[in-house]
Amino acid sequence: MLNLVRGKRSFCCRLRHEASLVKFDPSGERFFMVVNSKVGVHQSEDAKLLLELDNGSRKRILCASPGDSGTLFTAGEDRAITAWDTNSGKLAYSIQDAHPARIKGIVTLTRNESEGASEDPYLVASASSDGIIRVWDMRMAAKENAKPLAETNTKSRLTCLAGSALKSMRRPQIGNQKAEKLEEPTSG
């Protein structure tokens, strides 16, 4: 583990298995290592294993996204979106058959600790290998037969997903740009 602020190695340890995915929680105090169908929750300071989350199925976990309050969302070959409580190590809830094909990407869409973050809907976007992207309201996921809020078919083979709930900082320009150019003084 490297400390990028100091530019030095924080610690070094041997892993029993090669991790296919590593993600940090929003606070940076813990990180998650995915190995096949299991997720190890580790302390960032010394990589101490805090707990292990077992998917239960033989299907691999292909993507993970940390959420607020110690929640970790995982998805993969089982076509389900699973929410884990990383404080207790227990399954919080799951959306079975969230996609018709394996899920290759998942993103938690929340604001970065703004004042209104607790009032924002808790949105998670997922993408499957058949090109379908779905957006879910996770407050409704605990109910049976959860339906996506939005869905689109990209008609392409997706291998990952990235996203943000932050609005663009770019402001629209008001006025006619041609009129502004005419008013510029000319030399001569």
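Before the first stop, one cut-off: buried means under 20% relative accessible area, exposed means over 50%, and partly exposed is in between, with a 1.4 Å probe and protein chains only. The model is predicted, so local features need pLDDT of at least 70 and side-chain atom pairs count only at pLDDT 80 or more, while totals for chains, interfaces and linings use all residues. Residues are numbered from 1 along each chain as its sequence is written, and side-chain values use heavy atoms, with hydrogens and water left out.

**Stop one: F24 and F31**

Select F24 first. At 39% relative accessibility, F24 is partly exposed. How far apart are the centres of the two rings? They sit 5.6 Å apart with the planes at 45°, so this pair is tilted. For the bookkeeping, rings of Phe, Tyr and Trp (its six-membered ring) pair if their centres lie within 6.5 Å; planes under 30 degrees apart are stacked, over 60 edge-to-face, and the rest tilted. The structure has two such aromatic pairs.

**Stop two: F73 and Y122**

Here is another tilted pair: F73 and Y122 are 5.9 Å centre to centre, with 40° between the planes. The pair links distant parts of the chain, 49 residues apart: F73 is in strand β8 (residues 71-76), and Y122 is in the loop between β11 (103-109) and β12 (123-128). Strands (E, at least two residues) and helices (H or I, at least four) are DSSP runs numbered from the N terminus. F73 is buried at 0% relative accessibility, and Y122 is buried at 15%.

**Stop three: T82**

Select T82 in strand β9 (residues 81-85). Is T82 buried or exposed? It is buried, with a relative accessible area of 5%. Leaving out residues up to four places away in sequence, T82 has contacts (heavy atoms within 4.5 Å) that include F73, L72 and Y93.

**Stop four: the cores**

A nonpolar core is a set of buried Ala, Val, Leu, Ile, Met, Phe, Trp, Tyr and Cys residues joined through side-chain atoms within 4.5 Å. Which residues have the most contacts inside the largest one? Pick F73, I81, I95, I106 and M138, in a core of 14 residues. Strands β8, β9 and β11 each supply at least two of its residues. Centre on I95: beyond its neighbours within four places in sequence, its contacts include I81, W136 and M138. To finish, select F32, V34, L51 and I61, which belong to a second, separate core of 11 residues.
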